[in-house]
Amino acid sequence: LCFKDILEALDIPRLENISTPSSEGTLPNCPALRSWNMWNGRHLLEAIDLVFLNALAYNGKAKTTLRVEIQTTRRILWDGIHENLEANLETEHKRHVIPTKRGETSGFVILKKNGPYR
């Protein structure tokens, strides 16, 4: 998954050529995520986070400047999500709308031996 996939799902390129078929928010290049819709805010935030996780996995565990920048950007994203929810939602509603924050070793990022997409 990359930002290009997300933008295509949001039909951003379609604005230039309205005759291009719409994907209606789905991620056609990511069959494992076919139930996600980029017009759903929770799915969009999870997809953005997954792009960051993929970049971290691709660049390895070495503490490089790029890795630190990606981690910082990801932390800012999640801090913003939680700050926004804190300011706008009552506690009992938060668990229904908070996106899932996955770790770097998540099955979404790393192909595991017993994973369904091996």
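**Salt bridges and helix packing**

Me: Let's start with Arg-42, how accessible is that residue?
Reply: In this predicted model, Arg-42 is partly exposed, and its relative accessible area comes to 30%.

Me: Is Glu-46 buried or exposed?
Reply: Glu-46 has a relative accessible area of 5%, and because the cut-off for buried is under 20%, Glu-46 counts as buried.

Me: What else does Glu-46 form a salt bridge with?
Reply: Glu-46 also forms a salt bridge with Arg-102, where the closest N and O atoms are 3.5 Å apart. This pair links distant parts of the chain, since Glu-46 sits in helix H2 while Arg-102 lies in the segment after helix H4 (91-97), 56 residues apart. Glu-46 and Arg-102 are both buried.

Me: Which residues are linked in that network of salt bridges, then?
Reply: The network of salt bridges links Arg-42, Glu-46 and Arg-102.

Me: How many salt bridges are there in total?
Reply: The count comes to 6 salt bridges. One of them is formed by Arg-74 with Asp-49, and there the closest N and O atoms are 2.4 Å apart. That pair, too, links distant parts of the chain, with Arg-74 in helix H3 (residues 65-88) and Asp-49 in helix H2, 25 residues apart. Arg-74 is buried, as is Asp-49.

Me: Switching to H2 and H3, at what angle do their axes cross?
Reply: The axes of H2 and H3 cross at roughly 160° and come within 10 Å of each other. Angles over 145 degrees count as roughly antiparallel, and H2 and H3 are therefore roughly antiparallel to each other. As for handedness, the crossing of H2 past H3 is left-handed.

Me: Which residues make the contact?
Reply: On the H2 side, the contact is made by Leu-45, Ile-48, Asp-49, Phe-52, Leu-53, Ala-55, Leu-56 and Asn-59. On the H3 side, the residues are Leu-66, Arg-67, Ile-70, Gln-71, Thr-73, Arg-74, Leu-77, Trp-78 and Ile-81.

Me: How many aromatic pairs does a search of the whole structure find?
Reply: The search of the whole structure finds 1 aromatic pair. The rings of Phe-3 and Phe-52 have centres 5.9 Å apart and planes at 75°, so the pair is edge-to-face. Phe-3 lies in helix H1 (residues 3-9) and Phe-52 in helix H2 (residues 41-59), so the pair ties together parts that are 49 residues apart in sequence.

Me: How accessible are Phe-3 and Phe-52?
Reply: Phe-3 is partly exposed, with a relative accessible area of 40%, whereas Phe-52 is buried, with a relative accessible area of 14%.

Me: Last one, what is the secondary structure of the protein chain overall?
Reply: The protein chain has 4 helices and 0 strands, and from the N terminus on its elements run α-α-α-α. Of its 118 residues, 30% count as buried. Among contacts between residues at least 6 apart in sequence, 48% join residues at least 24 apart.

Technical notes
Residues numbered from 1 in each chain as written. Predicted model: local features only at pLDDT ≥ 70, side-chain atom pairs only at ≥ 80, totals over all residues. Heavy atoms only, no water. Phe/Tyr/Trp six-rings, centres within 6.5 Å; stacked < 30°, edge-to-face > 60°. Helix = DSSP H or I, 4+ residues; strand = E, 2+ residues; numbered from the N terminus. Buried < 20%, exposed > 50% of the residue type's maximum accessible area, 1.4 Å probe, protein only. Salt bridge = Lys/Arg side-chain N within 4 Å of Asp/Glu carboxyl O. Axes fitted to C-alpha atoms, helices over the stretch in contact; angles between N-to-C directions. Parallel < 35°, antiparallel > 145°, perpendicular 65-115°, else oblique. Left-handed = near helix turned anticlockwise from the far one by under 90°. Contact = heavy atoms within 4.5 Å.
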